[in-house]
Amino acid sequence: MAKTKSIAGILGEARRHLPRAFGSILAQGSKTGLRFGDRLFRRLTLAFAFSIVALTLLIAYELYRNSVLSIGKFGWGFFWSSTWDPVFQNFGALPFLYGTLVTSFVALAISTPVGLGVAIFLSELAPRWLSDPIAFLVELLAAIPSVLYGLIGIFVLVPIMRSLGAPYGVGMLTAGVLLAVMIVPFITSISREVLMAVPQAQREAALSLGATKWEMTWMAVLPYARSGIVGAIFLALARALGETMAVTMVIGNRPEIKLSFLEPGYTMAAVIANEFTEATYDLYINALVEVGLFLFAVTIVVNALARLLILSVAKKVEVRE
Amino acid sequence: MIPRGYRRRKVVNALMLSLTALCSLLTMSILLFILGYIAYQGITAIDWDFLTKLPKPVGETGGGMANAIVGTIKLLLLASLIGVPIGFLGGVYLSEFGHNKFGFLVRYAADLLNGIPSIVMGIFAYTILVLPMRRFSTLAGGVALGIMMIPIALRSTEEFLKLVPASLREASLALGIPEWKTIVFIVIPAAMRGILSGITLDLSRVAGETAPLLFTAFNNRFWSPGWLQPTASLPVMIFTYAISPYEDWHRQAWASGLVLLMLVLIANVSARWILRKQL
C-alpha cells in the first residue's frame, strides 16, 4: 500500500519538477481528451523519439564509463604526454592529437579554396543545366565509401607521393591530401546553398556600380555569405577529424611527433581502429576509449559551431527579404 | 576614355572566374578518375569464383568473398531493422507533434548522433554488446550501423511528412477520421516515396562503413551462421586485403571494391530516381 502511494508520489513529484518540456509531454493527450487510439499513437511515436535522446546520452555515458581507468590514472596529462607505450602501460595521446590536427589542417588548406571555387562556379557562373549535374556529381564524391578512398590512396596516391620525393609515400601529407578530396563535397554543397541564398539585389547593386562579375562575387556576395561558408568549413572539419579508414590506410601509423608533414604519423581515429582489437588489458582499452571520448566531444563542439554559423545566414536572409 | 586600372580589373575578373571553372574541372576529373580506376581494376580482377566461393587459406591464390557479400547483406538488414523504425516513428513524432521544446531536443540529439565519428559508434557497440557477450557478432555490427542510420531516417521522414499539404489532413479530420488513422493512412502514404528515397540514401551511406565494424562484426574467413558469430563484410575485407602484402589479395580487394561501389552507387542513384518520380 505504502509502496504504490510512494510511486504515485514520485510520479507527481517528477511531473512538478521536470523541466517544462517534459511536463508538456507527460500531459500530452490526456489534457486534450484525445481518443484512446490517438493517445496510444502519440505515446508510441513519442517513445521512439525519446529513445533517440536516451541513446545519445547513453553513448556519452558508455564512453565515459569505459575510460574511467585511464582518466583516473593519467588525468589531463593524457593529452600532454607523447609516450604511447602499451608494454609499460603508459599512455599519452599527444601524437594522435598532433596527427589529427596536421591532417585536418592540410585537408582544409587544400579543400577550402577548391571547394569554394566550385561553389562559386556553380552558383555565380554556370547556367542551370550545367550547375545541377555538376552539383550532383560533386555529391557523388561524398557517397564513395571511405575505405575505397583508402584503396585508391594505397595503390595510387602513395606511389605518386613517393615519386614526388616523400621518403615513405605514406605520411601525414598523403593523408591530408586524401582527406581533402573527401571533404570537398561538404564544403561545396553547403557553400553553394548559402551562396544561392544571398539575395539577388545584393548582386544587382554591385553590378550597377560597375563591378566586374568577380568583384561582385568578392565584395558583395561572399561577405554576405561569410558565416555560412565558415560553417561549411567547420562541418567539413568535423568530418575530417573523425575520418578513420582512408587515413588509417595511408598515414603510416607511427605514434611519433615529427615536424615534417612527409613523415608518418597517427591520428586519434586511426589508433582506435588499429589497436582496439589488440588491446589486451583494461587500462589499454580505457585509454583508447578515452581517445574516442575526446574525439566525440571535439566533433560535437565543431558540429554545433558549424550549425550555428549556417543558421545565422539563413536568419539573415529571412530578415532582409 | 578608359578609366585607370580598367584593364587590370578585367584581367583579374577573367583569371579568377576561370580559376573557379578550373576547380570544378579538377573535382570532376578526380571523381571520374576514382570511379573509372575502381571500375577498371575491379573488372579485371573479378571472376565467378569471387562471387561464389569462400576465401582460400592465407597464401593460396583464388577463392572468393561470398561470405563477405552475404555478411554485408545481413548487416544491412539488421541495421535497417534497428535504424528505420526508430528514425521513422521518431520522424512521425517530430513532424506531427514535435513543435515543442522536446521536439527541439530530439532534433538536437539527432544532429549530435549524425556528427559522431563512425569509429566512436563502433566503440559504443563494443561496450554494450561485445564486452558483455564476450564475442564479436553480426548483431553488434548491425547495431552500430543501425544507430548510424537513425538521424537521416529521422530527418528525411520529418521533412517529407511536413511537405504533405495541411488541406489533406484537414479533409480527413473533417470527415471524423481519428488523428492516428489520418496520419497512418493519409499523411504517411502521401509522403511515402520521399521517405523511401531518404531511407535508401541512408542505406547507401552505411553500406560502405568500415570503422564501426572493425571490432563489432570483426571478420571471418568462413560462413557466419546465425547472428551471434563474427562475420565478414565487404568493407572490412577490402581494408584487410588492401593492407596485406599478398598480390592476389590486392586483386580481390579491387574486386570487392567494385562490388561495394556498385552497391552504393545503385542505392544512391535509385534514391534520387524514386524522388524525381514524385516531384
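Predicted model: local features only at pLDDT ≥ 70, side-chain atom pairs only at ≥ 80, totals over all residues.

Q: How many residues does helix H1 of chain B have, and how far does it reach?
A: Helices here are DSSP runs of H or I with at least four residues, and strands are runs of E with at least two; both are numbered from the N terminus. The expected span of a helix is 1.5 Å times one less than its number of residues. Helix H1 of chain B covers residues 6-45, which is 40 residues. From first C-alpha to last it reaches 58 Å, close to the expected 58 Å.

Q: Which residues of H1(B) are buried?
A: A residue is buried if 20 or more other C-beta atoms lie within 10 Å of its own, exposed if 12 or fewer, and partly exposed in between; C-beta atoms are placed from the backbone. In H1(B), the buried residues include Thr20(B), Thr27(B), Leu31(B), Ile34(B) and Ile38(B). An α-helix has 3.6 residues a turn, so residues three or four places apart point the same way.

Q: How many helices and strands does chain B have?
A: Chain B has 10 helices and zero strands. Its radius of gyration is 24 Å, well over the 19 Å that the globule rule gives for 279 residues, so chain B is more spread out than a compact globule. That radius is taken over C-alpha atoms, and the rule is 2.2 Å times the number of residues to the power 0.38.

Q: Where do the domains of chain B lie?
A: Domain bounds come from an automatic or database domain assignment. In chain B, domain 1 is 6-45 and domain 2 is 51-278. Their C-alpha centres lie 32 Å apart. Two residues are in contact if their C-beta atoms, placed from the backbone, lie within 7 Å. Six residues of domain 1 and seven of domain 2 make the contact.

Q: How many residues does each chain give to the contact between chains A and B?
A: Chain A gives 70 residues and chain B gives 71. Helix H3 of chain A (residues 36-65) gives the most to the chain A side, with 17 residues.

Conventions:
Residues numbered from 1 in each chain as written. Chains lettered and ligands numbered in written order.
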